[in-house]
Amino acid sequence: MPMKSKLFFVTAMCAVAVISAMLTGCGSVETVEATSSPQKREFRGAWIQAVNGQFIGMSTQQMQKTLSYQLDELWKDGVNAIIFQVRPECDALYKSNIEPWSRFLTGQQGLAPSPYWDPLQWMIDECHKRGMELHAWINPYRAKTKTTNELASNHIAAKRRDLIFEYDGLYLLNPGIPETRDYICRVVDDIVARYDIDGLHIDDYFYPYPVPGLAIDDDRQFAGNNKGFSNKGDWRRDNVNIFIKQLYKTIHDRKPWVKFGVSPFGIYRNKASDPNVGSATNGTQNYDDLYADVLLWVNNGWVDYCVPQIYWEIGNKAADYQTLIKWWNNYSSKRPLFIGEDIERTAKYNDLNNPNINQMAAKFRLHRQMPNVSGTVLWYAKAAVDNVGNYGTNLRNNYWRYRALQPTMPFIDNKSPKKPRKVKMVKTDDGPMLFWTEPKGSGWKDKAVKFVVYKFEADEKVNLADVSKIVSMTTKNFYRLPYKDGKTKVTYVVTALDRMSNESDGVAVKVKL
């Protein structure tokens with residue numbers, strides 16, 4: 001996934017001159033209001049990874065406290081979706097009968113957490129409490145990282161070494177063996193079936209990032225089942241294509257509303273490899289080096305959203321951010337497009353037109369200018385929480401100041417639920433409360449799962465497109481009203497959202513606070 005060892009893996013990376021004042025001047029960013037009106041619908045995600053070892057050595061209580069704090073801060077920053085790593089190396093940060101507990105959770109693969117808890121279930125509950133989506137993030141093929149020295153007896157590489165090849169210290173499930181994709185799909189089906197996740201997310205590791213002089217050990221599989229391909233690269237891409245299509249079907253056959261997202265490396269192809277489609281870049285390529293034909297998946301509807309990792313700075317000689325966001329905007333519009341942002345790199349580099357600030361403002365301007373970009377995912381959550389380069393402050397005070405609904409996905413469901421019923425103010429011992437009843441609905445497409453509460457002053461026209469009027473997004477059927485003197489006239493409007501964030505008509509109620 002977005003991983004520091006892969007961020008800058010550019011085959012002909014040019015040395016970038018860093019301005020001497022970078023570390024001081026880039027600590028600040030623009031604090032003015034964003035140049036365009038707030039977006040009502042926008043995917044605002046953050047990756048929380050385990051593979052970097054940040055949780056190893058933490059007790060259950062410490063990890064829950066750490067995650068709770070991060071979720072609270074991210075909610076204040078306007079984040080509405082968490083992408084949580086639950087399977088770094090064919091292991092589990094959840095209760096699984098297929099794969100062992102992750103060492104990135106307990107320090108020893110196969111060892112259950114003590115006191116016992118299920119991090120995935122806990123994160124689902126905590127995210128939903130805050131009105132956030134939870135997307136379970138897995139690495140599909142990686143079976144062992146370089147730093148893992150001992151495998152549990154029930155690990156797939158210990159049980160079925162024939163399904164694995166080794167590459168530069170890694171173990172990987174071999175995409176050339178059909179049984180491996182069946183295995184991965186079985187793991188995913190188990191997650192989707194047992195957990196109320198909003199999305200299933202895979203990262204950029206398909207075939208391994210190439211190491212000069214090191215070949216992938218798959219000659220035997222190619223010779224034994226080349227499927228009519230004479231070119232091994234085409235054969236490898238086909239192996240991954242078949243898997244992506246099968247994984248999409250596995251997820252949606254089990255729960256049609258669970259979104260399937262992929263976060264590929266930031267370069268599809270360089271212009272030198274493909275003058276017609278390639279970008280004006282000079283780096284590692286999804287298509288040619290990782291054998292990931294991302295555009296095929298997007299154009300065929302085998303994914304529900306795409307998050308290219310455009311982690312470089314504006315002005316990078318080999319992989320310019322501006323060039324790449326424009327390229328993805330132009331070529332990846334058949335499915336919702338979100339941009340993977342590296343917070344630390346954004347904060348590190350100066351704005352090309354104003355060396356006193358970093359590149360956050362310039363990048364967000366580009367986002368607003370791209371008609372097919374409908375979201376952002378932050379690499380990584382802790383950097384936002386730590387407010388690197390004032391990034392978190394500017395999200396909560398400027399760019400993501402107001403709440404946003406998730407982008408719709410009409411290719412899954414485009415029908416809105418019915419509006420809430422019996423919306424009324426009730427005086428309680430704890431003060432006035434706004435109550436409502438869930439609308440009637442049959443089946444997942446019609447059922448309301450969340451509610452949006454808007455507040456308008458007495459002299460204001462009700463306008464549900466105005467996101468500044470959203471005061472709550474909640475799974476509950478009540479909202480505590482801010483009582484003043486009992487004389488202030490206010491109009492509240494409550495709408496219902498279904499699992500795909502389709503919004504109902506609103507029900508208005510006038511109250512005196």
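Tutor: P371 lies in the loop between helix 14 and strand 11. Helices (H or I, at least four residues) and strands (E, at least two) are DSSP runs, numbered from the N terminus. The model is a predicted one, in which local features need pLDDT of at least 70 and side-chain atom pairs count only at pLDDT 80 or more, whereas totals for chains, interfaces and linings use all residues. Residues are numbered from 1 along each chain as its sequence is written, and side-chain values use heavy atoms, with hydrogens and water left out.

Student: Why is P371 called exposed?

Tutor: Buried means under 20% relative accessible area, exposed over 50%, and partly exposed in between (1.4 Å probe, protein chains only). P371 has a relative accessible area of 68%, and is therefore exposed. The C-alpha atoms of P371 and W137 are separated by 27 Å, and these residues are 234 apart along the chain.

Student: Is V453 buried or exposed, and how do you know?

Tutor: Its relative accessible area is 0%, so V453 is buried. V453 belongs to strand 14 (residues 450–457). Contact means heavy atoms within 4.5 Å. Neighbours within four places in sequence aside, V453 is in contact with several residues, including L434, W436, I470, V471, Y479 and V493. From V453 to T474 there are 21 residues in sequence and 8.3 Å in space, C-alpha to C-alpha.

Student: Why is K227 called partly exposed?

Tutor: The relative accessible area of K227 is 35%, and K227 is therefore partly exposed. This residue sits in the loop between helix 8 (219–224) and helix 9 (232–254). K227 is not a glycine, yet its phi is positive, about 55°.

Student: What makes N387 partly exposed?

Tutor: N387 has a relative accessible area of 25%, so partly exposed is the term that applies. N387 is found in the loop between helix 15 and helix 16. Its phi is positive, near 60°, in a residue other than glycine.

Student: Which peptide bond of W379 is cis, and what is its omega?

Tutor: The bond from W379 to Y380 is cis, with omega near 5°. Y380 is placed in the loop between strand 11 (373–379) and helix 15. Another cis peptide bond joins S114 and P115, where omega is about -5°; P115 is in the loop between helix 4 and helix 5.

Student: What is the reach of helix 3?

Tutor: Helix 3 (residues 60–76) has 17 residues and reaches 24 Å from its first C-alpha to its last, close to the 24 Å expected. Its buried residues include M63, L67, L71 and L74. The buried residues of helix 3 pack against several elements, among them strand 1 (43–48), strand 2 (81–87) and helix 5 (119–129).

Student: Why are helix 3 and helix 5 given the description they have?

Tutor: Axes are lines fitted to C-alpha atoms, for helices over the stretch in contact, and angles run from 0 to 180 degrees between N-to-C directions. Angles under 35 degrees count as roughly parallel, over 145 as roughly antiparallel, 65 to 115 as roughly perpendicular and the rest as oblique. The axes of helix 3 and helix 5 cross at roughly 30° and come within 11 Å. Helix 3 and helix 5 are therefore roughly parallel to each other. The contact involves Q64, L67, S68 and L71 of helix 3 and W122, M123, E126 and C127 of helix 5.

Student: What makes helix 14 oblique to helix 16?

Tutor: Helix 14 (residues 360–369) and helix 16 pack at about 45°, with their axes 12 Å apart. That angle makes helix 14 oblique to helix 16. M360, A361, F364 and R368 of helix 14 meet Y391, N394, L395 and Y399 of helix 16 in this contact.

Key: Expected span 1.5 Å × (residues − 1).
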